[in-house]
Amino acid sequence: MPSSLACAQDPPATLDTVGLVDQRLGNAGTSGSAPILEDGDVDPWALPQLKDTGQSWKELSMAGRVLQGAAGFLKACGLLGSLYLFICSLDILSSAFQLLGSKVAGDIFKDNVVLSNPVAGLVIGVLGTVLVQSSSTSSSIVVSMVASKLLTVRASVPVIMGVNVGTSVTSTLVSMAQSGDRDAFRRAFGGSAVHGVFNWLTALTLLPLESAAAPLERLSALALGAASLQPGGRAPDILKVLTRPLTRLIVQLDADVITGRGTGNATNSSLIKRWCGTEVQTTAGNSSTCAAATGGPCPARNSSAAEEQLPCRHLFEGTALADLAVGFILLAASLLVLCACLALIVKLLSSTLRGRVGQAVSTVVNAGGPWGGGEGGGEEARLRVTGSPSADFPSPFGWLSGYLAILVGAGLTFALQSSSVFTAAVVPLMGVRVISLERAYPLFLGSNIGTTTTALLAALASPSDMLISAVQVALIHFFFNLAGILLWYVVPVLRLPIPLAKRFGDLTARYRWVAVAYLLLSFLLLPLAACGLSLAGSTVLAAVGGPLLVLVLLIILVAILQRHRPAWLPRRLRSWAWLPLWLRSLEPWDRLVSRCCPCKACSPPQAAAKEAHCYENPEVLASHQL
């Protein structure tokens, strides 16, 4: 069927693309609004109406109640067991990345000449955290370098920003396990993207400001001077206590080796821990009456003590394999277990969170969302979307629900001692429509705060010679995330990560390979390119990166004006029709990817392909009525 018939039945007179824009403006020249969904269209980001289709508890017979109770108990056990293995697999995944990338990360961090460049420090923080999959390890390396005078506090600030950005890669990897269902993948990837977009926006906004005036360094120094430090505090080890019995049987790593590689004090020893302690063996003296004569133990001259090292008990104890080989084995095994556990968790949640249980959970978790009283929408919207009444704060305090979510995210992350585990647990809940994107956003912001408080307590447990440096770096990390919340959450109109994440989610629902491209570009290729330009010198970085940055900003500005104020633009810039197709549409790239990946998983759905053909080709759109 011709493309014109695919888009409309009765083609009117042909109009060029600029003429279509002028037609939208009308005679008055006022701006057009954003496209409005037609009646009957479903918002893929809205939570569904949950209906209780089963029998109530009172209507069930005794046998039915027993069966329902047993099924609920088994589901709860399966959910808890899957969640436990899921958390353990994340721990093993982190160990695998440390085995694969710790040497490279150490070589990156110890080049303090490159770190003196703020842009290089930012991207090195990103790359180092992505390689070791642990913000705590990256922060420990930075603290050790500052304490050893290898890095100044001012130079460490961009690195801490990059460390904060690198933590969002874990939730992105977890979201890709839900790529089998397009709608679930849309929401899950959007949830992981909102975390990454927030971290990137905060870093790119504060980096020039920090380079010019150093506000984070000055603020942390003031807080450090006003506080009386009491060393010895430690964060609670709740999660490690639960997972360590299993993960220690698989592999154990020596964290001192990673830190030493960053400071340049490490040998070429393996990262796999082989000795886990020492045992003192005392040999008694020759005199059998020594203890009786002295009324106590024998003197040192009548006994000898020898220390014997105790080997670690884990799967790779005394292995002849290199760290790289062990890392690949653990990476494959942990990803397999992680995907299997995640699929099981999604299935169990989908079958459990139905009816009244789902209504209650959705109402409590998403209180104050876009359909709640806290942020617009009201009670009627909540009843229409969730089928249950609102659990918001009473008016006029409904706006507090979002800040309560920040506190909840901070508290849970502090208790778990891992922001990666918390964010990776929220992403699947978004995929099954339990948590909305608007509610997940403040939870992720709270998780960023929670991980900094954990790092602050860990810094207080540092040795006395590293205490000041460790606490100041932890304070910089805290103030950085607090500034991000003030920038991108306090004012509702500035919550830009939410619409940007929705855009990413919509793109990945149509083109799944966009998720892989986002992951590679944001956390690997672009940081590597920036790092390479930094190695060439600040002049080369400014000469190449400056024009590119200006070009990107101009494209964003023109795109915004095209959508909201096209009359302000010249006629040629009111659309991108004059550009080649591969520069204004993802369709050519999608066809290229589809040839390399012939499976249907990489191809867009038929309706999306038709829509893209009609609306991303101006020559087709211009020949029909709007």
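Biologist: Why is Thr-129 called buried?

Modeller: Its relative accessible area is 1%. Buried means under 20%, exposed over 50%, and partly exposed in between, with a 1.4 Å probe and protein chains only. Thr-129 is therefore buried. This is a predicted model, so local features need pLDDT of at least 70 and side-chain atom pairs count only at pLDDT 80 or more, while totals for chains, interfaces and linings use all residues. Residues are numbered from 1 along each chain as its sequence is written, and side-chain values use heavy atoms, leaving out hydrogens and water.

Biologist: Where is Thr-129 found?

Modeller: In helix H5, residues 118-132. Helices are DSSP runs of H or I with at least four residues, numbered from the N terminus.

Biologist: What does the side chain of Thr-129 reach?

Modeller: The backbone oxygen of Gly-125, at 2.8 Å. A polar contact is a pair of N or O atoms within 3.5 Å; within protein, one must be able to donate a hydrogen and the other to accept it, and residues adjacent in sequence count only if both atoms are side-chain atoms.

Biologist: Ser-168 next. Why does Ser-168 count as buried?

Modeller: Its relative accessibility is 0%, so Ser-168 is buried. Ser-168 lies in the loop between helix H7 (153-166) and helix H8 (169-175). Leaving out residues up to four places away in sequence, Ser-168 touches His-195, Gly-196, Asn-199 and Phe-523.

Biologist: What makes Phe-523 part of an aromatic cluster?

Modeller: Phe-523 forms one cluster with Phe-185, Phe-189, Phe-504 and Tyr-518.

Biologist: How many salt bridges does a search of the whole structure find?

Modeller: Five. A salt bridge is a side-chain nitrogen of Lys or Arg within 4 Å of a carboxyl oxygen of Asp or Glu.

Biologist: What makes Arg-186 and Asp-183 a salt bridge?

Modeller: Their closest N and O atoms are 3.5 Å apart.

Biologist: Buried or exposed: how does Arg-186 count?

Modeller: Arg-186 has 14% relative accessibility, so Arg-186 is buried. Asp-183 has 35%, so Asp-183 is partly exposed.

Biologist: Where does Asp-506 meet Arg-186?

Modeller: Their side chains meet in a salt bridge at 2.8 Å, N to O. Asp-506 lies in helix H21 (residues 497-510) and Arg-186 in helix H9, so the pair ties together parts that are 320 residues apart in sequence. Asp-506 has 29% relative accessibility and counts as partly exposed.

Biologist: How do you know that Glu-438 and Lys-502 form a salt bridge?

Modeller: Their side chains meet at 3.0 Å, N to O. The pair links distant parts of the chain: Glu-438 sits in helix H19 (residues 437-460) and Lys-502 in helix H21, 64 residues apart. Glu-438 is buried at 13%, and Lys-502 is partly exposed at 22%.

Biologist: Which residues do salt bridges that share partners join into one network?

Modeller: Asp-183, Arg-186 and Asp-506.

Biologist: How many aromatic pairs does the structure hold?

Modeller: Eleven. Rings of Phe, Tyr and Trp (its six-membered ring) pair if their centres lie within 6.5 Å; planes under 30 degrees apart count as stacked, over 60 as edge-to-face and the rest as tilted.

Biologist: Why is the pair of Tyr-511 and Trp-513 called tilted?

Modeller: The ring centres are 6.1 Å apart and the planes stand at 45°, so the pair is tilted. Both residues are buried.

Biologist: Why is the pair of Trp-582 and Trp-589 edge-to-face?

Modeller: The centres are 6.4 Å apart and the planes stand at 70°, so the pair is edge-to-face. Trp-582 is partly exposed at 47%, and Trp-589 is partly exposed at 38%.

Biologist: What makes the charged end of Arg-495 sit over the ring of Tyr-489?

Modeller: The charged end lies 4.0 Å from the ring centre. A charge sits over a ring if NZ of Lys or CZ of Arg is within 6 Å of the ring centre and within 35 degrees of the ring normal. Arg-565 sits over the ring of Trp-568 too, 5.7 Å from its centre.

Conventions
Helices (H or I, at least four residues) and strands (E, at least two) are DSSP runs, numbered from the N terminus. Contact means heavy atoms within 4.5 Å.
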